[in-house]
Amino acid sequence: MDELVWDAVRASRGWLDAANGTGDTELTCRILKLTEEAGEAAAAWIGVLGQNPRKGVTHTREDVAAELADVVFTALVAIESLGLDARSVVSGCAAKVQSRLA
């Protein structure tokens, strides 16, 4: 990921910290926000499939991808909010996955 992503993650965390504080309740909300974003991705996929007969097809794959990107970004902000470096945590995860594929 390029620096734009990491800079935006850190800026978002700073903005949230300034607006809402950094206590455990706020951290809980940031982690729960992941569930909200994942639900939006699921709803978009349902819209791609046209699974709701009343609504029909309401979304595109690009809409789903945008919602999944929101999930990723929200997760990165939550990691930073834990006081950790999201880049290092993601790199560690990627290394763990890569080692399983070897």
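Tutor: Happy to! Let's begin with Lys33, which forms a salt bridge with Glu36, their closest N and O atoms lying 2.9 Å apart. A salt bridge here means a side-chain nitrogen of Lys or Arg within 4 Å of a carboxyl oxygen of Asp or Glu. Side chains of opposite charge can pair when their charged atoms come close. Lys33 and Glu36 are separated by about one helical turn, because they are 3 residues apart in helix α2. Helices (H or I, at least four residues) are DSSP runs, numbered from the N terminus. Lys33 has 32% relative accessibility and counts as partly exposed, and Glu36, at 42%, is partly exposed as well. On this scale, buried means under 20% relative accessible area, exposed means over 50%, and partly exposed lies in between (1.4 Å probe, protein chains only).

Before we go on, a word on where this comes from: the model is predicted, so local features need pLDDT of at least 70 and side-chain atom pairs count only at pLDDT 80 or more, while totals for chains, interfaces and linings use all residues. Residues are numbered from 1 along each chain as its sequence is written, and side-chain values use heavy atoms, with hydrogens and water left out.

Now move to helix α1, which covers residues 3-20. There, Arg10 forms a salt bridge with Asp7, and the closest N and O atoms are 2.7 Å apart. About one helical turn separates Arg10 and Asp7, because they sit 3 residues apart in that helix. Arg10 is partly exposed at 35% relative accessibility, and Asp7 is partly exposed at 41%.

Arg30 forms a salt bridge with Asp17, with 2.9 Å between the closest N and O atoms. This pair links distant parts of the chain: Arg30 belongs to helix α2 (residues 24-49) and Asp17 to helix α1, 13 residues apart. Arg30 is buried, with a relative accessible area of 7%.

Which residues are linked with Arg30 and Asp17 in a network of salt bridges? They are Arg13 and Glu26, so the network holds Arg13, Asp17, Glu26 and Arg30. To put these pairs in context, a search of the whole structure finds 7 salt bridges. Among them are Lys33 with Glu36, Arg10 with Asp7 and Arg30 with Asp17.

Conventions. Helices (H or I, at least four residues) and strands (E, at least two) are DSSP runs, numbered from the N terminus.
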